[in-house]
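Reader: Can you walk me through this structure? I'd like to start with the inside and then go to the charged pairs.

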Amino acid sequence: MATTRVYVARLAGLTVLGPDGESIGRVRDVVVAVRFGRQPPRVHGLVVELPTRRRIFVPMLRVTAIEPGVVTLNTGTVSLRRFAQRAGELLALAQIVDTRVHVHDPDLPDLEDVDVFVADLGIEQTRTRDWVVGRVAVRGHRRIGRRRTVHVVDWSSVSGLTPAAVGRPGQDVTALLAQFEGLRAADVANRLRELPEKRRVEVAIALDDERLADVVQELPDDDQVDLLGHLEVRRAADVLEAMDPDDAADLLGELPESEAESLLALMDPEESEPVRRLLAHSPDTAGGLMTTKPVVLSPSTTVAEALARVRDPDLTPALASMVFVVRPPTATPTGSYLGCVHIQHLLREPPAHLVGGMVDTDLAALTPELPLSAVTRYFATYNLVCGPVIDDENHLLGAVTVDDVLDHLLPEDWREEETPPLEQTEPTPIDTDGRSA
């Protein structure tokens with residue numbers, strides 16, 4: 001039997017099934033339209049994310065059943081056009097939840113004239129099969145030593161929930177951050193781009209420096225610059241410090257020289273120095289592509305120590321695939337470069353053996369001025385995912401990884417395009433999206 005009342009937070013992430021039982025995508029939000037007077041907001045439909053990462057609109061009239069874990073659609077057709085929010089519409093999870101409101105309920109006098117926040121929305125189906133917001137879960141500020149209590153009240157008991165109120169600055173982001181828990185940085189970046197600018201900035205401010213740095217690195221260049229511009233200058237410098245030096249250099253390269261220099265001056269010198277070195281190279285050369293923080297070891301390092309280094313969860317798989325052996329110092333630019341050791345070689349050797357005795361000295365190294373086309377041929381020729389960059393005096397400057405090569409080979413807007421499906425399927429028939437113009 002179809003559920004006729006449900007809370008929107010429970011819909012997030014549910015699998016959406018077509019009439020044939022095949023998975024179409026997952027629910028990402030609920031589209032709500034606030035009406036004039038005391039009429040409860042009407043629920044227009046669901047925002048569904050397809051496997052290709054495209055987000056489409058599914059009218060609530062297409063929903064046959066909402067059951068534990070799944071939402072089932074009927075045989076009606078659904079538009080595959082990308083979802084676009086219309087005037088008067090609000091996204092329940094992205095915009096309404098965490099909004100500050102007032103509650104006027106005689107059964108809850110403690111909430112009278114006190115700011116509370118929307119924790120969830122209860123939507124229900126009427127006799128005419130329309131869906132409306134009938135109930136609102138609200139929460140107050142947490143008091144010391146007490147748990148924050150959630151109360152469920154009728155929609156008519158809540159005031160202050162209008163499109164204008166939702167647009168006020170300072171809205172809480174607790175619910176949004178909870179949705180991002182456990183997601184890869186690239187997926188968070190994709191979700192962030194779907195949010196209205198105000199909410200995007202509020203989420204960015206709430207994230208810690210390390211998490212925000214990871215997310216910023218996965219955004220298109222224009223979005224990186226825009227988001228950084230909304231942060232306080234000191235915070236922007238802290239985020240740049242937390243980014244990989246090559247990504248920080250790429251971002252700073254998009255800014256006017258004076259702004260880039262101001263941010264570099266605010267960064268810790270130990271963090272800004274490698275970024276400055278990278279900015280000295282053209283972005284489409286090995287020197288501009290490289291990271292200054294590969295795994296660098298001395299010849300006296302044991303295999304056990306080397307494997308411990310490459311187990312670092314902060315290393316990308318490409319950087320962990322190879323270690324570079326040098327004479328001290330081991331910080332880039334290093335002492336004399338001796339060669340590299342592939343991780344497969346490390347795995348085959350006894351833990352007590354020294355990496356200095358298994359160095360591959362035959363692999364050619366990249367030079368910093370080498371153009372992108374030559375770097376690409378280098379990776380293809382030697383079947384590598386990581387390669388060393390050395391200068392004329394045989395000092396290791398850094399390493400280029402295949403992901404950075406691909407990033408520069410793909411079109412500039414590749415992060416904005418949808419991921420193609422793994423296999424070709426028959427498209428769902430297209431009709432109007434079920435919303436009034």
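Author: What follows goes through the core, a sheet, a surface patch and some salt bridges. Keep in mind that this is a predicted model.

Reader: Core first. Which residues touch the most other members of the largest nonpolar core?

Author: Leu240, Leu346 and Val400 do. That core has 81 residues. Apart from it lies another core, of 42 residues, including Val27 and Val138.

Reader: What does Val400 touch?

Author: Leaving out residues up to four places away in sequence, Val400 touches a set that includes Ala286, Met290, Leu366, Phe379 and Val405. Cys386 and Gly387 are also among its contacts.

Reader: Switching to sheets. What is the order of the open sheet of 3 strands?

Author: The order is E14-E15-E16, and the pairing is mixed. Strands E14 (296-297) and E16 (337-342) are the edges, each pairing on one side only.

Reader: How many bridges join E15 to E16?

Author: There are 5, and the two strands run antiparallel. Val323 stands opposite Val341 in E16.

Reader: Now Thr72. Buried or exposed?

Author: Thr72 has a relative accessible area of 19%. Buried means under 20%, so Thr72 counts as buried. Thr72 is found in strand E7 (residues 70-73). Its contacts include Leu17, Arg62 and Glu67, not counting residues up to four places away in sequence.

Reader: And the surface? Which residues make the nonpolar patch of about 260 Å²?

Author: Leu406, Leu409 and Leu410 make that patch. Leu410 is found in the segment after helix H18 (402-409). At 37% relative accessibility, Leu410 is partly exposed.

Reader: On to charges. How many salt bridges does the count come to?

Author: The count comes to 15. One of the pairs is Glu202 with Arg199, with the closest N and O atoms 2.8 Å apart. Both lie in helix H6 (residues 197-206), 3 residues apart, about one turn of the helix. Glu202 and Arg199 are both buried.

Reader: Which residue forms a salt bridge with Arg235?

Author: Asp209 does, with the closest N and O atoms 2.6 Å apart. This pair links distant parts of the chain: Arg235 is in helix H9 (residues 233-242), and Asp209 is in helix H7 (residues 209-216), 26 residues apart. Arg235 is buried at 16% relative accessibility. Asp209 is partly exposed at 25%.

Reader: What about Arg234?

Author: The side chains of Arg234 and Glu241 meet in a salt bridge at 3.9 Å, N to O. Arg234 is partly exposed at 39% relative accessibility, and Glu241 is partly exposed at 21%.

Reader: Last one. Which residues are linked in a network of salt bridges?

Author: Arg28, Glu49 and Arg55 are linked that way.

Key
Residues are numbered from 1 along each chain as its sequence is written. This is a predicted model: local features need pLDDT of at least 70, side-chain atom pairs count only at pLDDT 80 or more; totals for chains, interfaces and linings use all residues. Side-chain values use heavy atoms; hydrogens and water are left out. A nonpolar core is a set of buried Ala, Val, Leu, Ile, Met, Phe, Trp, Tyr and Cys residues joined through side-chain atoms within 4.5 Å. Buried means under 20% relative accessible area, exposed over 50%, partly exposed in between (1.4 Å probe, protein chains only). Contact means heavy atoms within 4.5 Å. Two strands pair if DSSP finds at least two bridges between them. Helices (H or I, at least four residues) and strands (E, at least two) are DSSP runs, numbered from the N terminus. Patches are made of residues with over 30% relative accessible area and no salt bridge: like charges are joined within 9 Å, nonpolar side chains (Val, Leu, Ile, Met, Phe, Trp, Tyr) within 5 Å. Accessible areas come from the Shrake-Rupley method with a 1.4 Å probe; for residues, only the protein chains shown count as cover. A salt bridge is a side-chain nitrogen of Lys or Arg within 4 Å of a carboxyl oxygen of Asp or Glu.
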